[in-house]
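Hello,

Here is the structure I promised to pass on. Please have a look, then read my notes below.

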Protein chains: 2
Amino acid sequence: MKTYYKIDEWSVIEEGFNPHHQEESESIFSLGNGHMGQRANFEETYSGKSLQGTYIAGIYYPDKTRVGWWKNGYPEYFAKVANAPNWIGISVKADNEELDLHTCKLKDFRRELNMKHGYLDRTFVAVLKSGKQLKVNARRFLSMADDEIGAIRYTIESVNFSGTIEMTPFLDGNIVNRDANYDEKFWDVLDTGRNDENAYLKARTRKSGFEVSFCMTSELYINDSVKKDKTQSIMRTGFVGQSFKFDIAQGDVAALYKYVSVLDSLNYKPEKLISKSVQAVIRAKKRTFNGLFSDHAAYWDENWTHSDIIIKGDPAAQQGIRFNIFQLNQTYTGRDERLNIGPKGFTGEKYGGSTYWDTEAFLIPFYLSTEPSKVARNLLIYRYKHLGKAIENASKLGYNQGAALFPMVTMNGEECHNEWEITFEEIHRNGAIAYAIYNYIRYTGESEYLAEYGLEVLIALSRFWRHRVNWSDVKGKYVILGVTGPNEYENNVNNNWYTNKMAVWTLRYTIDSIEYVMNEFPLAYQKIVKKCRLHYETEIAAWKDIISHMYFPMLEERGVFLQQEGYMDKEQRMVTELPIAERPINQHWSWDRILRSVFIKQADVLQGLFSFEHDYTTDILRRNFDFYEPRTVHESSLSPCIHSILASRIGEAEKAYELYLRTSRLDLDDYNNEVDEGLHITSMGGTWMSVVIGFGGMRVKEGMISLTPSLPKKWSFLSFNIHFRGRIMNIGITAKSAEVELLKGDPIQVEINGKLINCHQKKN
Amino acid sequence: MKTYYKIDEWSVIEEGFNPHHQEESESIFSLGNGHMGQRANFEETYSGKSLQGTYIAGIYYPDKTRVGWWKNGYPEYFAKVANAPNWIGISVKADNEELDLHTCKLKDFRRELNMKHGYLDRTFVAVLKSGKQLKVNARRFLSMADDEIGAIRYTIESVNFSGTIEMTPFLDGNIVNRDANYDEKFWDVLDTGRNDENAYLKARTRKSGFEVSFCMTSELYINDSVKKDKTQSIMRTGFVGQSFKFDIAQGDVAALYKYVSVLDSLNYKPEKLISKSVQAVIRAKKRTFNGLFSDHAAYWDENWTHSDIIIKGDPAAQQGIRFNIFQLNQTYTGRDERLNIGPKGFTGEKYGGSTYWDTEAFLIPFYLSTEPSKVARNLLIYRYKHLGKAIENASKLGYNQGAALFPMVTMNGEECHNEWEITFEEIHRNGAIAYAIYNYIRYTGESEYLAEYGLEVLIALSRFWRHRVNWSDVKGKYVILGVTGPNEYENNVNNNWYTNKMAVWTLRYTIDSIEYVMNEFPLAYQKIVKKCRLHYETEIAAWKDIISHMYFPMLEERGVFLQQEGYMDKEQRMVTELPIAERPINQHWSWDRILRSVFIKQADVLQGLFSFEHDYTTDILRRNFDFYEPRTVHESSLSPCIHSILASRIGEAEKAYELYLRTSRLDLDDYNNEVDEGLHITSMGGTWMSVVIGFGGMRVKEGMISLTPSLPKKWSFLSFNIHFRGRIMNIGITAKSAEVELLKGDPIQVEINGKLINCHQKKN
């Protein structure tokens, strides 16, 4: 762990250029706007090590599966996040000498990610081999207000010479994916073209056939007056550029504005893409850089009013939590129900796919509280729309009867992952999908969602569990054999407590939901019965039988729920006994050794207790926490947040803070030495939870927000804004008190430390 | 299952050509001589589907590992059997029209694999598009007497025309491997050359750097007189040929003799390879085709005197068993301790590697009984020489202390396999290596082997088990967690009975062996103690503690040893309940479904009972057989033989015969529809065992051969020849009697059905 970036409440700042750190910074300073994203690659030439990354939401390449030993049921392809054509590029020459940040000398290098208004700013003085010095400032943003538009202002000042400058903004389709199984090319460039004003490039992903059109236009100012020089077009295979050549005197400042529109066939007919992208870029240019930026900044201002968290007394924590919130909000805006949140968002391509159980378990709570309910609802509908494919997926594994198994990793509803112990066995993901429905309704109160979408999904999930369990004569109980729980440091185990719990809970919740819809929405109910061919009596009877007779492994003498059968046969070592040189164990131990060790990647019993906390006494929570936490190595980015929340819950404030530190600055301080590959976007939802649910102690109880805060010692003040049932509230917490201010919406009751408070909007 | 080939006691015969069956026949008619092997590809051009395969013992390519998800400890490469340059080719043109067996019409096609004398014979009449007819006979063999030599006699008779024939025997290095992870080229051709007499081609495997030199010389006879025509050389990249062009009249017969030497850098210095291969081919030509063949046939005559099995009353079984013995003997001759027996021998390239636990468990018994003890000893020494690498391999998995884990798949001692559940967990292979030492000494009586080689290996194996077990507080026993037994339809299970049994047995046998060597070979013992840094007191105490306190899962109420913990939690279905449409389950079920089902690929408890049969009563054997056999789908080629032997042992003769049928003609009748990929060489040892150990009831008891025969009803007579401690014996069995004839060696006692018989050689 290292603190490389400057601590600042609203910005991430790098001072001085470190080429060995370039790929890390490219991740950290990434920008996105829900529709597309861009790693912080340089506009100008950079011949050093770099992971070029431009990503467009929902656009993927079906990369042929790479596997050592094929198993029946493996998918044919893995949907890879496709690195799209480079639209940011601006090459710069001074008297024909290329500005390459890898080969020139750099002075006063500084870059800043401004999170308040969502832009990237970069300044430096480059000393070329010839001795010529250029002072550069580059600023760019991907408009949140107009998500088809990216804009760049790139200014050059001649520090010490007079001469000719050539600036060539370009679009380049000659790109590769670093994450490619067989080094295949993912794109074909279909068309490039230009006129005096604009240049465009249209490309199509191979196999999946997504089409994207990029259109750019540029304007050049010298010392604030428009330079009318005709540009010279440069066309090469898969490349189009517009070259500006002009004379510059010492002290002159040239500013190039580059506007780019990025449109794709998810939203437009392929044959209209080019003309629509030309229209979009004309619209952008007309609005001007400053106009576009002010729309963009206004969006962020508004967004922070319902998503911000303020921490006083701990600037690193303040920066950390804002960085997490900022990244989540620029990754997913909830406008498009076909999209989801990939593990690296728009900051890298590793792992591929866009949807993991992370969304339901770690992100829905964030979007539920920080956005209008439509955003979380769209994430639910995403899965609803994949129900057919989940049913098909289950049938490949031998389940018919309308059972659904949602994929472990997916883009379009089809399974991508290809490790049997995960693809076929990490079935608890089905539970997370049921739980998200429950959680959504609990938070929003929108129980009609059940009738419209939720119940169909629940029925299919319950059918899966019914056929996935089997009766054990020996135990006289139902068992679930051969699973991998959220703790992926155990594979193919029997009776994982968390999975069994999720199965039983889903069956129960489905039965309750059926009753509810039957009574409240009888017409919808009849439609669902018909569509799902629900045999009420036999199916519910079978589910109830499983509910009553499920086996749960227990460590009776310690009052602990046992992670899985046989766990106590392991050598009982504690994490504190592990030599530092062997950690993280996943980088030092062979897989079998990890599997048979007692050590836990993330404690799934605790994950279950977190989900169903209201069913358990504090004593039970404490006993399980005390048992599992010392055995947990937290080698999943999703682990410390849950442990931190439970530690807060049982009053272990110091432990909670220690665990929180591991999650909040995971990427900024590069705890796992892997930020070069991209950010851990989905675990950022966990960080948010550990503040709001953990330290804030926020719960929803009987349709009401309830707070039982307990701040880390270091924090003098914590405040967060939340959406809740049409209101926006600000919650302010000190060591001694907690207050709620209603910023928007009708009066509402809130429970603070067990007391009911009536909240009204302040009169202005 | 289908009977495609003609049943014949000494031959496999195909009548009529079936292009859809070509790859299967290429496997079935394969030839080898221990040093090299050749699929039954055609000499002349064949543009149809074919798996070209020329393999040279010990020559491999380290093919970059292909894996979906990397795990620590995986090997960097998989040693692939490298398809070597084609040395059999002879292209034929009649008046410039190419003889291509895929495009011409074929009449009277017949091929025969003569197992008595080890040659492949092929005759046909080809009708070219022009209407010209050629009658062809091709015969080839790979000399067992001079294993660097292959020889071909290729005769053409003009049936209906006079004209010009061009025959071009060639060597061709432009070959590919079908089994290649990334379609890499495995070979570079280093040199080609020729003079009037000879042509050579030298090639080197990439990365591994093995060099092979092929040298050929040819002679042409027309109507039995030598044709002195100068040949014309043809050289292309990686190709060298010698073209014979001559006139032929209707009824003329042209015979081309092609002699090829194949030498490699395992046996010669690379720089000498070409000259040595030229010398070898001159030697071969001088000996003449008939002379070479008579040496080769004499080898086979001699070999069958100690390896043959005669079955009367069941010609298909007779052909089947001879096919198995023939293949084993042409795959491995035991001359070179650096070689081993790959799963496909020289008949295909799939699976790669040359050494699996199959060798110790299924092949050593065959070679022990059919060859002088040196052959089996060389297989043991092969592992001894890999001990250093096995210790290194174990250290990669976290074991120091001189513990050894032998690889699952290897060529040179390094692990090749890359599935964690096998590579890291199928550790019972270590047990098979210990057992082979025990079995070797039991059979041969050569207990000095322990002092020379065996004990070092045993100590390293025992050290592995010591550190692989752990103490379970819950059970108050030692347990072995996270293993895969021989039944690979269970992965990552706890306390696999077979593995635990093998571990404890190895520890016991090592202790006994230490005592033995200490007393009998005190000097050798001191050397071993020093070399292995054996701490007698502490190590033996630890081993004894494990022996006394190992946990074995049991199904007490049925008196059955339980395959692994938790097995009885599965839904208890029998194989007879499986729909035919779902079998084999490994082609129809997803992997998780197979894993959590009760169904067994090969019953490892029975494998253990087979190994330690003398420790158990017939009643125990029967109870376990009755429990496991109905749950076993026999989807491993190594499964039915062991079940058959146990069925014989407990007096279930019909069941034994039914199971025997599944193993003996597995390839000839292509039970599994995969013979095109090559033969199941290693399971052939199991077939032999099910006859000799199963029906013959042969055991070694207290240094003596003991027989308790029970023939299948259909068999009127069974006889087999065996080597035993310097003797060669013939055993003849009918339904009523069993007799032993000593063919060679000093008088010996044999036990038949409990009675001691004194055997002397008959006086001639």
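Is A:Asp619 buried, partly exposed or exposed? A:Asp619 is partly exposed, at a relative accessible area of 40%. Buried means under 20% relative accessible area, exposed means over 50%, and partly exposed is in between (1.4 Å probe, protein chains only).

Some ground rules. This is a predicted model: local features need pLDDT of at least 70, side-chain atom pairs count only at pLDDT 80 or more, and totals for chains, interfaces and linings use all residues. Residues are numbered from 1 along each chain as its sequence is written, chains are lettered from A and ligands numbered from 1 in the order in which they are written, and side-chain values use heavy atoms, with hydrogens and water left out.

Back to A:Asp619. Its side chain meets that of A:Arg623 in a salt bridge, 2.7 Å from N to O.

Over all chains, the structure holds 104 salt bridges. One of them pairs A:Glu43 with A:Arg140, with the closest N and O atoms 2.8 Å apart. This pair links distant parts of the chain, 97 residues apart: A:Glu43 is in the loop between strands E3 (36-38) and E4 (54-56) of chain A, and A:Arg140 is in strand E11 (residues 133-142) of chain A. Both A:Glu43 and A:Arg140 are buried.

A:Lys80 and A:Asp179 form another salt bridge, at 3.4 Å between the closest N and O atoms. Both residues are buried.

Now the interface. Chain A and chain B each give 46 residues to the contact, where contact means heavy atoms within 4.5 Å. The area buried between them is about 3900 Å², and carbon and sulfur atoms give 51% of it. (Buried area is the accessible area, 1.4 Å probe, that two parts lose on being put together, summed over both.) In chain A, A:Trp69, A:Asp569 and A:Arg596 lose the most area to chain B, together 20% of what that side buries. The rule finds 6 salt bridges across this interface. A:Lys71 forms a salt bridge with B:Glu421, at 3.8 Å between the closest N and O atoms.

Best wishes

Terms used
Salt bridge = Lys/Arg side-chain N within 4 Å of Asp/Glu carboxyl O. Helix = DSSP H or I, 4+ residues; strand = E, 2+ residues; numbered from the N terminus.
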